[in-house]
Amino acid sequence: MATIDIDGFAVFSSSDEYRRCCRRCIIFAKSYTYDTAQAECMAEEAMVILWKRMQKGEQIEKLMPFLFTTVRNLALNYLKHKQAEIRAREGMGSDRDREIQLRLCSLNECNPSKLYQADIQEIIDDTLKHLGERTETIFRLSRFEGITNREIAAELGISEKTVEYHMSKALKELRVSLEDYLPMLLFFNLYHLVG
């Protein structure tokens with residue numbers, strides 16, 4: 001069994017980012033297990049798994065999808081075990097067995113990566129729409145298409161300073177809109193989109 005850097009994990013687990021991610025994992029796990037204590041254990045275990053992977057030098061590019069996938073797998077194992085217990089006591093087809101089977105089916109279909117990606121994309125899209133068409137266009141050209149400020153200025157017939165102004169405006173608003181996500185993104189050096 002791999003050892004864990006206790007001191008490093010103590011610092012990691014006392015951070016606001018840790019608590020925020022852990023809270024989201026608990027909510028996610030509880031929505032399937034209906035058991036707060038079990039959900040808390042799953043969230044903590046997911047965070048320990050994350051820490052161990054980080055200690056090995058592994059790059060976790062999409063943090064919350066990684067954590068939700070880990071919690072999802074832990075919840076699937078928990079529910080399968082629970083279902084086996086219920087079937088042993090009450091037999092197949094009982095109300096509790098059918099209810100567990102429904103949760104298992106729902107969890108099997110869940111793709112945390114898509115859920116989280118859609119959440120962030122929706123926030124970005126909504127924020128950019130509120131900033132106006134010009135700012136949205138400039139931001140998308142820069143961040144999603146990789147076009148330089150000079151090229152954007154030439155394409156749109158505006159000055160580079162104007163491009164810089166619109167980029168600054170978009171980034172400022174996105175930092176506010178994505179504030180719940182940014183601390184952990186920064187912690188894991190994934191800040192390229194809005195940094």
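The following legends describe close-up views of a predicted model.

Local features were taken at pLDDT of at least 70 and side-chain atom pairs at pLDDT 80 or more, whereas totals for chains, interfaces and linings use all residues. Residues are numbered from 1 along each chain as its sequence is written, and side-chain values use heavy atoms, with hydrogens and water left out.

View 1. Of the 195 residues, 39% count as buried, where buried means under 20% relative accessible area, exposed over 50%, and partly exposed in between, with a 1.4 Å probe and protein chains only. Contact denotes heavy atoms within 4.5 Å. Among contacts between residues at least 6 apart in sequence, 62% join residues at least 24 apart.

**View 2. Packing of helices H2 and H4.** Helix H2 (residues 16-33) packs on helix H4 (residues 63-90) at an angle of about 35 degrees, and the axes are 10 Å apart. Axes are lines fitted to C-alpha atoms, for helices over the stretch in contact, and angles between N-to-C directions run from 0 to 180 degrees. H2 and H4 cross in a right-handed sense; a crossing is right-handed if the near helix is turned clockwise from the far one by less than a right angle, and left-handed if anticlockwise. Residues of H2 in the contact include Cys 21, Cys 25 and Phe 28, and those of H4 include Leu 67, Val 71 and Tyr 78. By class, this contact has 13 nonpolar, one polar and two charged residues. Ala, Val, Leu, Ile, Met, Phe, Trp, Tyr, Cys and Pro count as nonpolar, Asp, Glu, Lys and Arg as charged, and the others, Gly among them, as polar.

**View 3. Packing of helices H8 and H9.** Helix H8 (residues 149-156) meets helix H9 (residues 160-177) at an angle of about 110 degrees, with axes 8 Å apart. H8 is therefore roughly perpendicular to H9, a term that covers angles of 65 to 115 degrees. The contact is formed by Asn 149, Arg 150, Ile 152 and Ala 153 of H8 with Glu 160, Val 163, Glu 164 and Met 167 of H9. These residues divide into four nonpolar, one polar and three charged.

**View 4. The nonpolar cores.** A nonpolar core is a set of buried Ala, Val, Leu, Ile, Met, Phe, Trp, Tyr and Cys residues joined through side-chain atoms within 4.5 Å. The largest has 30 residues, and Cys 25, Met 47, Leu 50 and Leu 67 have the most contacts inside it. Two or more residues each come from H2, helix H3 (36-55), H4 and helix H5 (95-109). H4 gives the largest share, twelve residues. Apart from this core lies another of 18 residues, among them Ile 138, Met 167, Leu 174 and Leu 178.

**View 5. Surroundings of Thr 135.** Thr 135 lies in helix H7 (residues 133-144) and is buried at a relative accessible area of 1%. Neighbours within four places in sequence aside, Thr 135 is in contact with His 166, Lys 169 and Ala 170.

View 6. Ile 27 belongs to helix H2 and counts as exposed at 59% relative accessibility. Tyr 34, in the loop between H2 and H3, is exposed with a relative accessible area of 54%. Although not a glycine, Tyr 34 has a positive phi of about 60 degrees.

Definitions and conventions:
Helix = DSSP H or I, 4+ residues; strand = E, 2+ residues; numbered from the N terminus. Parallel < 35°, antiparallel > 145°, perpendicular 65-115°, else oblique.
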